[in-house]
Amino acid sequence: MWNNAGAAPMMGHYGQPPPSQSNNQSSGGNQQKHDIFVGNLAFNTTEEQLYQAFSELGRIIKVRMVSDQETGKPRGFAFIEFEDPQAALSAIRNMNEYEINGRKIRVNFSNSSHLETLAGQMGMDLSNVTGPKKDDNTTNQAQGGDGTQSSAAVAGSRAVASALKSMNKGEM
């Protein structure tokens, strides 16, 4: 994550600085990450710019720009982890094709995220962002069809989806 040594801390969605990574991990080692993929970034895009653009949607835990290991140059994509899944899903829905530094960014599910399963369980249609499915194996895998995702992770996603469905907008 970036460091603003000597500067005032950046404030998150609720007027608080983003929590440190260690605070997030200490609150339950088996907690699911609510992270998204952000691509087609201009090479001069900074973590601070992404933080500012996406923090309006919810509290951000971490912004991670990906750079080439050998050269250190940016690779043009990043991952943003949100505190809650609703904010992450909102970012996918509302920030895809948003313009930053003269480029329309791509915002989608990250490969390590449970959010795609959660969106399906909530009845959210994000096919305009993600495109049509190539096959139906993804659904079977998310439901434990070949054991790639634990039943605890699927149960956790279902519990979050159920809780989010029962909440009104003011409670989120």
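These legends walk through several close-up views of one predicted protein model.

Because the model is predicted, local features need pLDDT of at least 70 and side-chain atom pairs count only at pLDDT 80 or more, while totals for chains, interfaces and linings use all residues. Residues are numbered from 1 along each chain as its sequence is written, and side-chain values use heavy atoms, with hydrogens and water left out.

**View 1. The whole chain, from one end to the other.** Let's start with the parts list: the protein chain has 7 helices and 6 strands. Here helices (H or I, at least four residues) and strands (E, at least two) are DSSP runs, numbered from the N terminus. Of the 172 residues, 37% count as buried, meaning under 20% relative accessible area with a 1.4 Å probe, protein chains only. A contact means heavy atoms within 4.5 Å; among contacts with a separation of 6 or more, 66% join residues 24 or more positions apart.

View 2. Four strands form an open sheet in the order β2-β3-β1-β6, with antiparallel pairing. Two strands pair if DSSP finds at least two bridges between them. β2 and β6 stand at the edges with a single partner strand each, so one side of each has no neighbour in the sheet. On average, neighbouring strands are turned by 25° against each other, direction ignored.

**View 3. Two helices against the strands.** Helix α2 packs on the sheet and touches β1, β2, β3 and β6. The direction of α2 makes about 140° with that of β2. Helix α3 lies across β1, β3 and β6, running at about 140° to β6. For these angles, axes are lines fitted to C-alpha atoms, for helices over the stretch in contact, and angles run from 0 to 180 degrees between N-to-C directions.

**View 4. The largest nonpolar core.** A nonpolar core is a set of buried Ala, Val, Leu, Ile, Met, Phe, Trp, Tyr and Cys residues joined through side-chain atoms within 4.5 Å. The largest one has 28 residues, and I36, V38, L50, F54, I80, F82 and L89 have the most contacts inside it. Elements giving two or more residues include β1 (34–39), α2 (47–54) and β3 (74–82). Helix α3 supplies the largest share, 6 residues.

**View 5. The surroundings of L89.** Beyond its neighbours within four places in sequence, L89 is in contact with F109, L115, L118, A119, M122, M124 and L126.

Key: Buried means under 20% relative accessible area, exposed over 50%, partly exposed in between (1.4 Å probe, protein chains only).
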